[in-house]
Amino acid sequence: MRWALVKVCVAVTTMVVVAFAVPLGLVIKEMARDRAFSNAEREAAAIAPALSITTDRDQLEKVVASAGPGDAMAVHIPAGDGTKAVDIGPGRAPARDIETTRRLGRASMAEVPGGSALLQPTALSSGDIAVVEVYVPESEVSNGVATAWAVLAVVGVALVVGSVAVADRLGVRMVQPAQRLVEGAHELGEGRLAARVPEEGPTELRLAAVAFNSMADQVVQLLANERELAADLSHRLRTPLTVLRLNAASLGEGPAAEQTRAAVAQLEREVDTIIRTAREAKPQTAAAGPGAGCDAAEVVRGRMEFWSALAEDEGRKWRVAGVDRPVRTPVARADLAAALDALLGNVFRHTPEGTAFAVDVHNGEDAVIVLVSDAGPGILDPEAAMARGRGSGSAGSTGLGLDIVRRLAESTGGDVRIGSSVLGGTEVRIWFQLDGRAPVRRGHRVRRRRALVSTFNRPRSLP
């Protein structure tokens, strides 16, 4: 916008300067010409009184010498009764033009080498017509014209430069508020909720800044309301959790009782984390820095110890692979555990009792893959299952489990895919990129992914 305004102003100012400077320059040239010939007419008029009194050559030469430069003026007296024609001074005009002026009796101009000649007819005492010739050189006709044109050019350039400066200032006044509005929108989009735009500039941009700031305030208020709502809803879970903890404490001893108490304690910790996160307005899953993350193999072993008791109660066969050595994963331990619980919970919730399942972990050069597969009926619409909040419509399904897993994988630069497992049911493949800040090229990622996937597609037997 700024440069467009400057270009328009340059074009308009240039047209205005040309429209005025060219005619003015022509007028100046014509005025210089008129001035030169007016001077010549005055010099010729100074000879007329002497010609009306005498035609003596010596006296006329003195008059001509006193009237002007000796080489610029000439007098042509025709031959009379018993007299010869007299020519005084260096004549330059052709004799034909002189005779024409004498016959017509009015002044005329004749083109001569180096300039022009003014031919002025004057009556003598004898009644004859003498012609006074005044030479006007070309330099005198154009005297001062070049200087005037140079002044006009300088003034025109100064006008153009001044208009550019004014247009640039106006452009800055218009562009800067727009740039600040764009920067504010980017900052707000990046999560900096304190971003605001100064309400200044032209009326339209000022109104846009007011609308932007009002929108930002509304966004902050809506997010605050959402956080308060999440905290309040989570706080309501404390009462039933307290009842569960008391009931779990009365279960006595045994593996099932210990697992139940551990699950209740973990649930209380998760609820507390949700409340603190909502109150502090901090994301629950932060980007992992250098050295952050967890051992995926350890997390998988721990969660399978929890779910194995329920699997034995329901007669499910299960298998774990790839957890015999550490597998460093760039996500927090609690987040990975929550993702595994969401996937394994779906297996127990949406497949019949006795359905087998498996968890496989593979550590590649640039990624970690975790597969959760089962021998159930499968997912008819994987795309709909990945949509946040869609769910399956069954009791206990909120449609958030797979979305939690997807967001966790995408926070590292990876993704989640749903397909068919070698067990005959559903396979959920979680791809954790080991360096989410500098993802590998897409083609290389696809080749690596195919190589890793081929490893998991080999049939494995359940124990």
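User: Before we dig in, what do I need to know about the model and its numbering?
Analyst: It's predicted: local features need pLDDT of at least 70, side-chain atom pairs count only at pLDDT 80 or more, and totals for chains, interfaces and linings use all residues. Residues are numbered from 1 along each chain as its sequence is written, and side-chain values use heavy atoms, with hydrogens and water left out.

User: OK, the sheet. What's the strand order?
Analyst: E2-E1-E5-E4-E3, an open sheet of five strands with antiparallel pairing. Strands are DSSP runs (E, at least two residues), as are helices (H or I, at least four), numbered from the N terminus. Two strands pair if DSSP finds at least two bridges between them.

User: Which strands stand at the edges?
Analyst: E2 (86–88) and E3 (108–112); each has a single partner strand, so one side of each is left without a neighbour in the sheet.

User: And E1 with E5, how many bridges?
Analyst: Four, with E1 (residues 73–77) and E5 (residues 129–137) pairing in the antiparallel sense. Met73 stands opposite Val134 in E5.

User: Switching to aromatics. How many pairs are there in the whole structure?
Analyst: The search finds three. Rings of Phe, Tyr and Trp (its six-membered ring) pair if their centres lie within 6.5 Å; planes under 30 degrees apart count as stacked, over 60 as edge-to-face and the rest as tilted.

User: Phe306 and Trp307: what kind of pair?
Analyst: Edge-to-face, at 5.4 Å centre to centre with 90° between the planes.

User: Why is the pair of Trp307 and Phe348 called stacked?
Analyst: Because the ring centres of Trp307 and Phe348 are 5.1 Å apart and the planes are at 25°. The pair links distant parts of the chain: Trp307 is in helix H9 (residues 296–313) and Phe348 in helix H10, 41 residues apart.

User: Are those two buried or exposed?
Analyst: Trp307 and Phe348 are both buried. Buried means under 20% relative accessible area, exposed over 50%, partly exposed in between (1.4 Å probe, protein chains only). Phe306, at 26% relative accessibility, counts as partly exposed.

User: Which residues make up the aromatic cluster?
Analyst: Phe306, Trp307, Phe348 and Phe357 form one cluster.

User: What lies over the face of Phe348?
Analyst: Arg316, at 4.7 Å from the ring centre. The cut-offs for a charge over a ring: NZ of Lys or CZ of Arg within 6 Å of the ring centre and within 35 degrees of the ring normal. Arg92 also lies over a ring face, that of Tyr135, at 4.1 Å from the ring centre.
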